[in-house]
Amino acid sequence: MEQLGTVPSWENGGFMKKIGSQTIQFINTPTILETSSIVGPKESQGPLASYFDQCLEDEFWGEDTWEKAESKIIKENVNSVILKSGIPATNIDFCFAGDLLNQCISSSFGLRELNMPFFGVFGACSTFVESMCLGSVFIASGAASNVLCATSVSYTHLSCRRIALCRSR
């Protein structure tokens, strides 16, 4: 058994090791179980439109404020990935999510009904990748079996909402 304060390593049963200057390798490799995406009008006109789960004609999706629309979009997108995966929300250990609004307002309000531990992530366009990295560490360490990673990035003519449900192999 490791003593408190020791750094886990590959040799002493750690869950990951650093290889190179910017890369880590997991012993228990996380995998993406299911994904979902809802996009705005601009993306729905592009060549990838058939790959999105839902294409909105109206960025506000019938809501009267941008914040309410973003919260609705992230909530519906999360419900979609949960339904597609067949994993109940109660079996998702943590949620890593973010958006471009102050204090992750859209994400926190859109996800609060799920009643799961929530980590707000803000990295602008890198939010989704950061969420995936953090979720992967939780899965690889054994701290979680299933994590939800989500982001909502929106600009005047570009919007992208990504959701992934990840688990250990």
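A salt bridge is a side-chain nitrogen of Lys or Arg within 4 Å of a carboxyl oxygen of Asp or Glu. Keep that in mind. Glu34, Asp53 and Lys84 are linked in a network of such bridges.

First, the background. What you see is a predicted model. The protein has 4 helices and 8 strands. Along the sequence, the pattern runs β-β-β-α-β-α-β-α-β-α-β-β. Of the 169 residues, 37% are buried.

Now the salt bridges. How many does the structure hold? There are 5.

Glutamate 34 pairs with lysine 84, and their closest N and O atoms are 3.6 Å apart. Glutamate 34 sits in strand E3, lysine 84 in helix H2, and 50 residues separate them.

Aspartate 53 also forms a salt bridge with lysine 84, at 2.8 Å from N to O. Aspartate 53 is in the loop between helix H1 and strand E4, and lysine 84 is in helix H2, so this pair ties together parts 31 residues apart in sequence.

Buried or exposed? Glutamate 34 is partly exposed, at 22% relative accessible area. Lysine 84 is partly exposed too, at 36%. Aspartate 53 is partly exposed at 40%.

Next, another pair. Glutamate 113 bridges to lysine 75, with the closest N and O atoms 3.0 Å apart. Glutamate 113 lies in the loop between helix H3 and strand E6, and lysine 75 lies in helix H2, so the pair joins parts 38 residues apart in sequence. Glutamate 113 is exposed, with 61% relative accessible area. Lysine 75 is partly exposed, at 27%.

Why do such pairs form? Side chains of opposite charge can pair when their charged atoms come close.

Key: Residues numbered from 1 in each chain as written. Predicted model: local features only at pLDDT ≥ 70, side-chain atom pairs only at ≥ 80, totals over all residues. Heavy atoms only, no water. Helix = DSSP H or I, 4+ residues; strand = E, 2+ residues; numbered from the N terminus. Buried < 20%, exposed > 50% of the residue type's maximum accessible area, 1.4 Å probe, protein only.
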